Amino acid sequence: MRFGWDRTVYAHDPDDPLVRNRHDSASSVPRSVVVDQSFDWGLDVAMRTPWHRTVIYETHVRGLTMTHPDVPVGLRGSYAGMACPAVIAHLVDLGVTAVELMPVHHFIPEGFLVERGLTNYWGYATAAFFAPHAGYSASGSRGRQVDEFKQLVKTLHHAGIEVILDVVYNHTTEGGPRGPTLSLRGLDNTTYHRVRNDDPSTYLDYTGTGNSLNVDHPAPLQLIMDSLRYWAVDMHVDGFRFDLAFALARNSHDIGRRSSFFDLIHQDPVLNGTKLIAEPWDVGPGGYQLGHFPPLWSEWNAGFRDDVRDH
């Protein structure tokens, strides 16, 4: 079921944030589904390609396959389309050892984009941390996208290619205080979002999207850890690239290496063996922290990238 941007999805009257909205949003929001976990992984195992032999190809599931002449029309723009032999052969021919998929967590384009007839093509507006994006499924959106994504991972592994996910845990698609109430805001707003101590109605926005997940609290931190373990254990992905990773490192006591987020990942027997890549900044004070992430972490160096492109 698709998300509908209408008045019912707001907890307040869209015209007056101080007036409670009593309309039922059930007809406008997606549903959660229970999926069959009996996928046949066969002999699929983590490849653990060492970093010094890793060549990563960043790509977009839809963009890679939407106009590919050797991908069947009905599969273009989907996980199944990316698993087609022609796409796999292209990746192997490039010599890459890993693909970094731009966000595949289920996302919902922001309201201000929809009002302008636009969409969030890149997917940096997460709505569900445990679900593959339904819009990239060729087999249906009632849970069948889960098996389709697993088959893509299995196919890439068979070709010797690891799968790294670009994950967005620093914020959600619920936006600022006047945004829709979809999940975390309605569950416990001040637990899951960073708010000002002197004015809980105002968010601390370190992401530029209107909200920041409150990783200083154990509940959101557990949500992130459970999600990461789900994708690593159940979906067999090999690593994660963390969008605005420094927003996850902030806490009320210190900024950086001593954060609970790092501590939990480092002691987790599954996650500490995956590839961990940081986008080493956010838009908050002191937010550029290139070179300051702890052991086990790699970092995308945007300055180096730009210099290479310029020369």
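Visitor: Where does Arg22 lie, and is Arg22 buried or exposed?

Guide: Arg22 lies in the loop between strand S2 (16-20) and S3, where helices (H or I, at least four residues) and strands (E, at least two) are DSSP runs, numbered from the N terminus. This is a predicted model, in which local features need pLDDT of at least 70, side-chain atom pairs count only at pLDDT 80 or more, and totals for chains, interfaces and linings use all residues. Residues are numbered from 1 along each chain as its sequence is written, and side-chain values use heavy atoms, with hydrogens and water left out. Buried means under 20% relative accessible area, exposed over 50%, and partly exposed in between (1.4 Å probe, protein chains only), so Arg22, with a relative accessible area of 69%, is exposed.

Visitor: Why does His157 count as buried?

Guide: His157 is found in helix H5. Not counting residues up to four places away in sequence, His157 touches Asp44, Val45, Met47, Glu162, Val163, His236 and Asp238, where contact means heavy atoms within 4.5 Å. His157 counts as buried because its relative accessible area is 7%.

Visitor: Which helices and strands do the buried residues of H5 pack against?

Guide: The buried residues of H5 include Val146, Phe149, Leu152, Val153 and Leu156. Their partners are helix H2 (79-82), helix H3 (85-94), strand S4 (98-101), strand S6 (126-132), strand S7 (162-167) and helix H7 (218-234).

Visitor: What is the volume of the second largest pocket?

Guide: On a 1 Å grid over the protein atoms alone, a pocket is an open set of points where a 1.4 Å probe fits, with protein on both sides within 12 Å along at least five of seven lines, and lining residues have an atom within 4 Å of a point. Grid points are joined across faces, edges and corners, and a volume is the space filled by probe spheres set on the points. For the second largest pocket, the volume is about 450 Å³.

Visitor: Of the residues that line the second largest pocket, which are the closest to its centre?

Guide: Strand S3 (56-59) and helix H10 (302-310) each give two or more residues to this lining. Of the 16 lining residues, the closest to the centre are Glu58, Arg241, Trp300, Ala302 and Arg305.
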